[in-house]
Amino acid sequence: MRCLLTLLMSVVSFYVFADNEELYRSLDEAIVQAPDFVKKREQRIDVIKQRLQNVANDEERYLLTCNLFNEYMPYKSDSAAKYIYEAILLAEKRGNKSQLCHTRSLLAFLCSSTGQYVESKQILDSTDISGVDREALGQFYKSLAHVYGEMAYYSNIPKLKNEFFAKQDEYTEKIYETLPPSHDFYLQCKEQECYKKGDIEGALRYNDKRLENVSPDSHEFAIVAFYRTMDLRMAGRPKEALSWLTKSAICDVHNAVMDQGSLWELANLLAQEGQLERARVYINFAWECANTYSTHMRSWQISPILSSIDRQYQNEIEHTNSMLTNMTIAVSILLLILAVLLLYEYRRRRQLKEAHNELSKKNAQTKNLNDELLQANLALDDTNRQLKTLISQLNEQTRVKEVYVGRFMSLCSDYIDKIDDFRKRVNRMVKGREYEELYRLTKSTDMKSQEIDDLCANFDNAFLHLFPNFVADFNNLLIPEERMEVPGEYKLNTTLRIFALIRLGIEDSSKIAKFLHYSVNTIYNYRARVKSIAVTHRDDFEVRVKQIGM
C-alpha cells in the first residue's frame, strides 16, 4: 500500500474540487478528539495484556500475542515487531509450522512496510513453507509480493526495477493460486492489476466487492477507501476521489491509526488547492502520528510535504502582511488627499464668502446709486433694469455655489467616514484570515454602484431645490408628445440630469460623462435626441435651457 501511495502522489494534481466542507469538518472534529480514540486503543491493548499475564495455555498465549500485534501494527511499529517476534517464539516452541510461517511472514511484511527490505527478504528466504496451510502460505506470498513491489518502486536501477516487478507479478500469481477469490487480499491484487492495465471499471468492481466485506468504521475500510481514491482519480472523477480520501483519513483517526497515509496525502492536495491553513493542521497531525508510529521511512516520506506546506504557509503570511501594509499606506494617502482637498475647499469657501460680502456691499451701493439715478434721470430705466438682472444672476450664482459647497463638504465628510469604516472592516477580516470573504468584498462593484446612485440622488435633490420649476420649464421647450416625467419627487431621469448640468454651466460632454459615469458617446446621443424634439431651432435649444429659472 505504501508503494501505491507514493505512486499516487506523483499523479498530476487534479483541478479545484467542489465543496467538501462537511467531510472536512468531520475530519477536524475527529482530530480534536484523537486523544480519546488513542485512549480507547490503549484500553483494548491493556485488556489483552492483562489476559496474557493470566494465561498458561500456549495456544491461547499465541492467539493473544497475535492480537497484540494486530493492535500495534497500525499504531506503533516497534511494539508490533516485539509481539510478532514473541508469537514466532511461541510457534517454534509448539512446533506448529503453519503458525511459524504465518508469523514470520507478518514480521517480514512489517519490515518491508517500514523500509527494512534486507531484513524482510532474509526472513522470507529462511522460512520453511512445506506442509503449511493455505492461509499461512497466502500471507507468505503476500509478504514476498509486497517486498519486491517496494524494492521495485524505490530502485533507481532500471534492470533491477524490472526484475523486482517481475518477481512481484510472479508471487501475485501464486496468491491467486493459494487464496480463495473472496479473500480481501486476492481482491486487492485483482484491483491493482486492473489499475495497472488502465481498466478502471474493473478496478472499481473489485473495490466494490472489497467494500461489501469491511465495516465502515474499521481500519480495513480506510485502506479500501484509499485504493478507491486512486481508481477514481485515474477515472477522471476528482471530486469523488477527494471525498473517499477524506473518508479514509477520518476512519484512520477514529481508529487511532498512526500510519496516516491518507491524511498526509490529503494535506498535500489541499496545499495545492491553496487551503494552506487546513493543510498545515493536517500535515502536523500526520507528522505527530508518524513519530508515534516510530519509523524513519514515514518521517522521510512526510518531511518534504511538511516543509513545502510550511514554506507556502509562511509565504502566505508574508503576502498577507504585505497586502495589509500596502492597503494601510493607500488608505493613509487617500485620507491625506482628502484632508488637502478639504483645506483647499475651506479656503475657497472663505474667499467666496468674502467676495459675497464685498459683492453685497457693492450691490447695496449700486442699488442706492440706481435709486438716485432713477429719481434724477428716468432715461436710464433700461440700464437700471439690466443692472438689476445682472445682480440677480450674480446672487443666484452665489446661492448655487453656497448650496453645492455645503453639499460637497457633507459628501466629503460622509466619504471619510465610509473609507474609515471600510478600513476597519478590511483590518478585521485580515486579522480573522477571512481571505475569501475579503476577496469577494473587494471584487464586488456594488459599493461603487451604490455611491453613484447616492451622488445622483444628492445632485437631483439639491438641483430641484434650487430650480423647483426646472422640469416644467424644460418640458415647455419640447413638443407636447415628447415631454418627460420625473421618476419621483426631487428626482431626475438621465436626460433631465444631463441638461441640469448644462444649466449649471457644465457643457463639455466628457465632463458630463465623467460625472454621470457614462461614455461620451452616450451623452452626445442624449443631447442630440432631445434637440431633435425641441419646439425651437436645435441650435438655440441649449441656450434657452441655460436661461431656465432666470
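Predicted model: local features only at pLDDT ≥ 70, side-chain atom pairs only at ≥ 80, totals over all residues.

Me: Why is Y526 called partly exposed?

Reply: The relative accessible area of Y526 is 27%. Buried requires a value under 20% and exposed a value over 50%, so Y526, at 27%, is partly exposed.

Me: Why is S243 called buried?

Reply: S243 has a relative accessible area of 16%. The limit for buried is under 20%, and therefore S243 qualifies as buried. This serine is part of helix 13; leaving aside neighbours within four places in sequence, S243 is in contact with N20 and L23.

Me: Why are helix 12 and helix 13 described as roughly antiparallel?

Reply: Helix 12 (residues 219–234) and helix 13 (residues 238–254) pack with their axes 8 Å apart and at an angle of about 160°. Angles over 145 degrees count as roughly antiparallel, so helix 12 is roughly antiparallel to helix 13. The crossing of these two helices is left-handed. Helix 12 contributes H219, F221, A222, A225, F226, R228, T229, L232 and R233 to the contact, while helix 13 contributes E240, A241, W244, L245, S248, C251 and D252. Sorted by class, the contact between helix 12 and helix 13 comprises nine nonpolar, three polar and four charged residues.

Me: What makes helix 10 roughly parallel to helix 12?

Reply: The axes of helix 10 (residues 184–197) and helix 12 cross at roughly 15° and come within 11 Å. An angle under 35 degrees counts as roughly parallel, and therefore helix 10 is roughly parallel to helix 12. Helix 10 passes helix 12 in a left-handed crossing. On the side of helix 10 the contact involves D184, Q188, E191, Q192 and Y195, and on the side of helix 12 it involves V224, Y227, R228, M230, D231 and M234. The classes in the contact of helix 10 with helix 12 are five nonpolar, two polar and four charged residues.

Me: How do you know that A256 is buried?

Reply: A256 has a relative accessibility of 2%. Since buried means under 20%, A256 counts as buried. The residue is found in the loop between helix 13 and helix 14 (261–273).

Me: Why is H517 called partly exposed?

Reply: H517 has a relative accessible area of 44%. That value falls between the limits of 20% and 50%, so H517 is partly exposed. H517 lies in the loop between helix 22 (509–516) and helix 23. Although H517 is not a glycine, its phi is positive, at about 60°.

Me: What can be said of the protein as a whole: how many helices and strands has it, and what share of its residues is buried?

Reply: The protein has 24 helices and zero strands. Of its 550 residues, 41% are buried.

Terms used
Residues numbered from 1 in each chain as written. Heavy atoms only, no water. Helix = DSSP H or I, 4+ residues; strand = E, 2+ residues; numbered from the N terminus. Buried < 20%, exposed > 50% of the residue type's maximum accessible area, 1.4 Å probe, protein only. Axes fitted to C-alpha atoms, helices over the stretch in contact; angles between N-to-C directions. Parallel < 35°, antiparallel > 145°, perpendicular 65-115°, else oblique. Left-handed = near helix turned anticlockwise from the far one by under 90°. Contact = heavy atoms within 4.5 Å. Nonpolar A, V, L, I, M, F, W, Y, C, P; charged D, E, K, R; others polar.
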